[in-house]
Amino acid sequence: MNDSVRFRVTSGTRVKLSGIDPAFKGRHADHASAADELQHYTERLRALQELLYADGRHSLLICLQAMDTGGKDGVINHVLGAMNPQGCRVAHFRRPSPEEAAHDFLWRAHRDAPARGEVVIFNRSHYEDVLVVRVHKLVSRAVWTERYARINEFERALAADGVAILKFYLHISSAEQLARFKARLQDPSKHWKITTSDYAERNFWRQYRRAYEDALSRCSTEYAPWYAIPSNHKWFRNLAIARIVVERLEAMNLKYPAPAVDLAQIRRKYHTAARR
Ligand code: ATP
Ligand code: MG
């Protein structure tokens, strides 16, 4: 079974995250054994992104959601790092600015959606409005429950207009998160990242789990699927995501546009022996 099928949350079904092993590694034992395959997909990503840009009819939106230390930054480095920066962009969804908060919750997502030919990664996304907002009761239950349908409508509209949408939930265990926090303490170059609120959020682990299960179950659609990616092993996470993105881009049947000029005439005019 390929990763595009294995980790995809089937539309209309209920996902149970406790049933997905965050330490899953597939057929490779370790990073070293996966390195060649990782390299292959990295090169394919670069070539396909250039083709997406040249083709100019479609775009790609990748939404990343995870608990802290889940690896959003690592995926961005790995996936975007493989691409030409001219055609890529990251939008980070933090606590809404006053301007963002003054609009409907989908406004900033629409504002940052990709233009044709472009790849955009949402580092967090409009799903925060049914995750952190729900867990911390920032709006009433009545308000967040109707957001799932609105998210689906929004994504359907983007997809209908040529935006390919892939959504990845980076699935780590609570023990792995604690180990990563501890590793930060031991690495002076990571000290600036440590906040007490990250630790405090651990008290809401179960509530986040439930909120993620609802978001993935209600909003995994044919046109904008969710993938729950085992992410305790960083190399496995990167490989699985690179593979799924490559497969999605390949399925788009991208083509270089036809030349805008008569090549035969240009060859005759500028490149024949008599003219040199
Ligand atoms: P990192 O910690 O790796 O830098 P991050 O995405 O956690 O990345 P932070 O600046 O630490 O970035 O956190 C952004 C915070 O903003 C998160 O806690 C997130 O839940 C919160 N946030 C995002 N969207 C909303 C929203 N709509 N309402 C309230 N809080 C939000
Ligand atoms: Mg953070």
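## Salt bridges

Glu-176 and Arg-180 are joined by a salt bridge whose closest N and O atoms are 2.7 Å apart. In this predicted model, both residues belong to helix H9, where four residues, about one turn of the helix, separate them. Arg-180 is buried, at a relative accessible area of 9%. A network of salt bridges with shared partners connects Arg-89, Glu-100, Arg-108, Arg-111, Asp-112 and Glu-118.

The structure holds 24 salt bridges. One of them pairs Arg-243 with Glu-37, with 2.9 Å between the closest N and O atoms. This pair links distant parts of the chain, since Arg-243 lies in helix H12 and Glu-37 in helix H2, 206 residues apart. Both partners count as buried: Arg-243 has 12% relative accessibility, and Glu-37 has 13%.

Gln-177 is buried because its relative accessible area is 2%, and buried means under 20%. A polar atom of the Gln-177 side chain lies 2.9 Å from the backbone oxygen of Asp-68. Apart from neighbours within four places in sequence, the contacts of Gln-177 are Met-67, Asp-68, Thr-69, Ile-172, Arg-202 and Trp-205.

## The surroundings of ligand 1

Ligand 1 has 16 residues around it, of which Lys-72, His-92, Arg-108, Arg-124 and Glu-128 come nearest. An oxygen atom of the ligand is 2.8 Å from an N or O atom in the side chain of Glu-128. Nitrogen atoms of the ligand take part in two further approaches: 3.1 Å to an N or O atom in the side chain of Arg-108, and 3.3 Å to one in the side chain of Asp-129. The protein covers 76% of the 630 Å² of accessible area that ligand 1 has on its own.

Glu-128 also forms a salt bridge with Arg-124, at 3.0 Å from N to O. Glu-128 is buried, with a relative accessible area of 9%, and Arg-124 counts as buried at 18% relative accessibility.

## Nonpolar cores

The largest nonpolar core has 39 residues, and Leu-60, Phe-168 and Val-245 touch the most other members. Elements that give two or more residues to this core include helix H2 (31-55), strand E1 (59-66), strand E4 (163-171) and helix H12 (234-251). The largest share, 10 residues, comes from H12.

Beyond four places in sequence, Phe-168 touches several residues, among them Ile-62, Leu-64, Trp-226, Ile-241 and Val-245. Apart from this core lies another, of 37 residues, which includes Val-9, Leu-61, Ala-109 and Trp-144.

Terms used. Residues numbered from 1 in each chain as written. Chains lettered and ligands numbered in written order. Predicted model: local features only at pLDDT ≥ 70, side-chain atom pairs only at ≥ 80, totals over all residues. Heavy atoms only, no water. Core = buried A, V, L, I, M, F, W, Y, C linked by side-chain atoms within 4.5 Å. Buried < 20%, exposed > 50% of the residue type's maximum accessible area, 1.4 Å probe, protein only. Contact = heavy atoms within 4.5 Å. Near = heavy atom within 4 Å. Polar contact = N/O pair within 3.5 Å; in protein donor to acceptor, adjacent residues only side chain to side chain. Areas by Shrake-Rupley, 256 points an atom, 1.4 Å probe, with all protein chains shown as cover. Salt bridge = Lys/Arg side-chain N within 4 Å of Asp/Glu carboxyl O.
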